[in-house]
Amino acid sequence: MILFALLLIPFTYLMLALLIKKAGIKKRLAILFSTLNLLWAMALVPIVQYREIIVVQMGGWSAPFGISLVADRFSVLMLLVTAFIFFLITVYATQSVDKARRKNGHFFFTFGILMGVNGSFMAGDLFNLYVWFEVMLMSSFILVSLGGERKQLEGSIKYLILNLISSLFFVAGIGLLYGKLGSLNLADLSQKMELARANLAVLNPALILIFVGFSIKAALFPFFFWLPASYHTPPPAVSALFAGLLTKVGIYSLIRFYTLFLYYDAGFWQQVVLWMGALSMVIGVIAASSQYDFRKILSFHIISQVGYVVIALGFFTEAALTAAIFFLVHNMLSKTNAFLVAGWVHREKGTLNLKVLGDMFKKSPVWGILFFISAFSLAGLPPLSGFFGKYLVLQSGIEAGYTGMAMLALFVGLFTLFSMVKIWLEVFWKKQPEDSAMEWPVNQKPAHWMLFSSLALGAAIVAMGVWAAPIAEYCQAAAQDLLNPSKYIEYVLGPS
Amino acid sequence: MEYIIAIFIGLLYACGVYLVLRRSIVKVILGVFVLSNATNLIIFLSGGITRGGAAFIPEGAETVDPATISDPLPQALILTAIVISLGISAYILALKYRYFDVTGTHDLDQLKNTDQR
């Protein structure tokens with residue numbers, strides 16, 4: 001029941017939203033239910049500290065046969081950050097998303113995403129994970145195109161087709177894996193792979209298919225093209241939600257999959273993961289520096305930042321996994337906040353083209369500072385969360401003997417700083433070019449809830465930098481569990 | 001029987017990939033449908049094909065020879081996958097229709113407005 005509630009809360013909202021017609025009541029209910037979800041996720045943290053891995057067997061069928069929901073420390077941390085971001089974006093959307101969209105089910109589909117994301121973080125079963133992915137994707141397909149503007153439709157066709165293909169890879173891999181091992185439960189599969197150690201090559205086709213499926217979802221190097229082509233088309237509140245949650249689910253699954261399965265064949269997979277991470281890091285940041293659209297720059301940076309998490313996964317030591325988890329959390333917070341600031345700029349000026357914008361700092365220093373915090377946290381400046389994230393990644397890389405990789409990460413950080421400074425100068429600092437100043441009606445409606453969300457995220461980023469030690473400690477405990485799959489197996493299947 | 005189905009799946013994949021690489025959006029969508037059916041057949045095949053074997057254990061039997069009964073799980077998985085792809089197919093066709101309404105084109109090359117330049 002404790003885990004099941006995180007699926008039940010969004011589901012209840014979905015059912016209620018179908019019955020209610022008034023946009024105002026839908027909005028209030030959305031805030032209420034996202035608060036409930038946040039409170040529930042917070043309550044899970046002490047429980048997981050005490051019980052270490054929470055396992056719930058759905059329908060009372062015992063583990064390898066029924067569907068299990070599993071939440072270890074890593075899952076719970078992800079659930080908590082998701083709930084926090086989701087709550088703030090819901091508050092933000094009440095003022096940022098226009099009324100027509102809200103009336104046509106904006107919140108309905110964001111809750112669909114929440115349900116899918118919560119489900120994927122808790123899935124203890126490979127096919128169940130696929131189903132939650134689809135729940136999440138289906139809602140996101142609709143959110144990308146909701147509103148039906150031309151560029152939204154273009155973006156959503158690309159997004160939809162590439163993500164469908166990734167699902168096909170994933171499900172074909174599941175089919176082959178089931179054919180070879182005869183199970184779908186993650187713990188059971190991991191145990192069976194341990195037994196089949198001598199013949200792992202037989203499983204490689206299935207594992208590669210699943211790996212490619214996750215990589216497309218996570219937007220890793222050769223598979224990232226759908227992301228920058230679609231993330232800047234929907235309303236800013238939607239792209240903030242996508243940037244904060246969707247690719248991170250792919251990364252979460254990749255980490256789970258690597259620590260349970262792929263590490264048995266580490267000689268092969270470690271190199272693959274390391275190089276894919278390194279290339280995403282470099283290509284993402286270089287592509288970003290040539291862009292002149294606020295949200296496109298941030299979209300390319302998602303690819304680059306995902307690379308940091310993936311190289312840390314490739315180092316595969318306790319310190320490196322700690323760094324990966326810490327960096328993932330930091331990235332979710334900072335990236336979402338950067339998108340929220342972009343949403344405010346879009347609301348004030350009606351465009352996000354850097355060449356046309358200017359003088360935004362004079363317009364509102366508070367928003368300027370909020371952008372400063374999130375951007376320089378992404379770039380990794382000292383008192384903010386990004387500094388500790390990068391520091392942990394670099395340190396673990398050098399300790400694990402990958403000095404070259406660590407230097408590459410440092411070099412990429414320089415480029416990140418370059419793009420962030422570019423946005424800062426072009427949007428907030430320079431004078432608005434007079435000839436290109438377009439007519440945009442001054443928005444009279446209040447934006448205080450938007451500011452509230454962004455302030456809360458900014459505070460979270462600073463807090464994560466100030467209290468980095470306790471958070472890193474928690475991440476370390478999570479990393480220890482990840483490195484010890486026999487513990488996961490024992491909790492899910494029961495002591496053997 | 002497995003060989004025939006395996007070759008057939010290969011053919012379906014080839015057709016699907018060919019269609020996905022076409023320029024017309026409708027053909028790309030059809031290609032995705034073909035690919036998803038090929039994938040469903042992979043799951044079907046992976047469970048092993050037993051001719052005439054029901055998925056039941058006879059009453060009172062203590063042990064059953066696995067070669068004589070078929071595995072019901074892959075078919076349950078396919079059922080789920082088919083339902084999901086049905087929903088997505090309906091949505092993607094509606095999206096294509098709307099796109100054609102707005103732009104009046106079927107050409108994928110016209111989609112590059114939102115791309116990086």
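Leaving aside neighbours within four places in sequence, Ile325(A) is in contact with Phe74(A), Leu77(A), Cys475(A), Ala478(A) and Ala479(A), two residues being in contact if their C-beta atoms, placed from the backbone, lie within 7 Å. The model is a predicted one, in which local features need pLDDT of at least 70 and side-chain atom pairs count only at pLDDT 80 or more, whereas totals for chains, interfaces and linings use all residues. Residues are numbered from 1 along each chain as its sequence is written, and chains are lettered from A and ligands numbered from 1 in the order in which they are written.

Ile325(A) is also one of the residues that touch the most other members of the largest nonpolar core, a set of 212 residues, together with Ala71(A), Val309(A), Ile311(A), Ala312(A), Ala324(A) and Phe326(A). A nonpolar core is here a set of buried Ala, Val, Leu, Ile, Met, Phe, Trp, Tyr and Cys residues joined through C-beta atoms within 7 Å; a residue is buried if 20 or more other C-beta atoms lie within 10 Å of its own, exposed if 12 or fewer, and partly exposed in between, with C-beta atoms placed from the backbone. Helix H14 of chain A, residues 318–349, supplies the largest share of this core, 18 residues. Helices (H or I, at least four residues) and strands (E, at least two) are DSSP runs, numbered from the N terminus.

Ala324(A) lies in H14 of chain A and is buried, because 30 other C-beta atoms lie within 10 Å. Apart from neighbours within four places in sequence, Ala324(A) is in contact with Ile255(A), Val309(A), Ala312(A) and Leu313(A). In the loop between helix H13 (294–315) and H14 of chain A is Phe316(A), whose phi is near 55 degrees, a positive value in a residue other than glycine. Phe316(A) counts as buried because it has 22 C-beta neighbours inside 10 Å. A positive phi, near 70 degrees, is also found at Glu52(A), again a residue other than glycine, and Glu52(A) is placed in the loop between helix H2 (23–51) and E1 of chain A. With 14 other C-beta atoms within 10 Å, Glu52(A) is partly exposed.

In helix H21 of chain A, residues 485–493, the buried residues are Pro485(A), Tyr488(A), Ile489(A), Tyr491(A) and Val492(A). Viewed down the axis of H21(A), these buried residues fall within an arc of 170 degrees, so they line one face of the helix, the arc being that of the directions from the helix axis to the C-beta atoms. Their cover includes strand E1 (54–58), strand E2 (67–71), helix H8 (186–195), helix H11 (236–260) and helix H20 (468–482) of chain A. Just after H21(A), Gly494(A) takes a positive phi of about 85 degrees.

The axes of helix H17 (residues 385–399) and helix H19 (residues 448–466) of chain A come within 7 Å and cross at roughly 45 degrees, which makes H17(A) oblique to H19(A). Axes are lines fitted to C-alpha atoms, for helices over the stretch in contact, and angles run from 0 to 180 degrees between N-to-C directions; angles under 35 degrees count as roughly parallel, over 145 as roughly antiparallel, 65 to 115 as roughly perpendicular and the rest as oblique. Ser385(A), Phe387(A) and Phe388(A) of H17(A) meet Ile461(A), Met464(A) and Gly465(A) of H19(A). By class, the residues of this contact are four nonpolar, two polar and no charged, where Ala, Val, Leu, Ile, Met, Phe, Trp, Tyr, Cys and Pro count as nonpolar, Asp, Glu, Lys and Arg as charged, and the others, Gly among them, as polar.

Between the chains, 29 residues of chain B are in contact with 32 residues of chain A. Helix H2 (25–46) and helix H3 (73–103) of chain B each supply at least two residues of the side of chain B that touches chain A, and the largest share of that side, 14 residues, comes from H3(B). The side of chain B that touches chain A comprises 17 nonpolar, ten polar and two charged residues. In the loop between H2 and H3 of chain B lies Thr50(B), which touches Ile69(B) and Ser70(B) when residues up to four places away in sequence are not counted.
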